[in-house]
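Hi,

Here is the structure I promised to pass on.

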Amino acid sequence: MTVNNMADPRRPNKIFRYKPPNTETNPTLEDPTPDYMNLLGMIFSMCGLMLKLKWCAWIAVYCSFISFANSRSSEDTKQMMSSFIISDISSTQRNPQM
């Protein structure tokens, strides 16, 4: 057993647990991408819903997925889910006779 410990190159005094940087002290570390994608998703979903533009609705779905994928787990998901639901409704709920 001691033979393995002698050949082990790791040094236990050099091992430190990772601590993520605090965004409160340095606000430049916060990623604004989910917020921008959520805003774009809402704009495109409203354009797709009101103007009946199918491509706007699909861009809104895409922006909603990006916003959800890049968000932190501690963020409130109500706004993202409402954006996704509106974009989903505007892209899929169409009257085929129109």
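Ile89 is partly exposed, with a relative accessible area of 41%. You'll find Ile89 in helix H4. One thing to keep in mind while you look around: this is a predicted model.

Ile89 also belongs to a nonpolar patch on the surface, together with Met46, Leu49, Met50, Leu51, Phe68, Met81 and Ile85. Which elements give two or more residues to it? Those are helix H2 (33-50) and helix H4 (78-92).

Now jump over to Ser45, which sits in helix H2. Is Ser45 buried or exposed? Its relative accessible area is 0%, so Ser45 counts as buried. A polar atom of the Ser45 side chain lies 2.9 Å from the backbone oxygen of Met42. If you skip neighbours within four places in sequence, Ser45 is in contact with Ala60, Ile86, Ser87 and Ser90.

Of its 98 residues, 18% are buried. The accessible surface is about 8,200 Å², and carbon and sulfur atoms account for 62% of that. Last one: take the contacts between residues at least 6 apart in sequence, and 59% of them join residues at least 24 apart.

Notes. Residues are numbered from 1 along each chain as its sequence is written. This is a predicted model: local features need pLDDT of at least 70, side-chain atom pairs count only at pLDDT 80 or more; totals for chains, interfaces and linings use all residues. Side-chain values use heavy atoms; hydrogens and water are left out. Buried means under 20% relative accessible area, exposed over 50%, partly exposed in between (1.4 Å probe, protein chains only). Contact means heavy atoms within 4.5 Å. Accessible areas come from the Shrake-Rupley method with a 1.4 Å probe; for residues, only the protein chains shown count as cover. Patches are made of residues with over 30% relative accessible area and no salt bridge: like charges are joined within 9 Å, nonpolar side chains (Val, Leu, Ile, Met, Phe, Trp, Tyr) within 5 Å. A salt bridge is a side-chain nitrogen of Lys or Arg within 4 Å of a carboxyl oxygen of Asp or Glu. Helices (H or I, at least four residues) and strands (E, at least two) are DSSP runs, numbered from the N terminus. A polar contact is a pair of N or O atoms within 3.5 Å; within protein, one must be able to donate a hydrogen and the other to accept it, and residues adjacent in sequence count only if both atoms are side-chain atoms.
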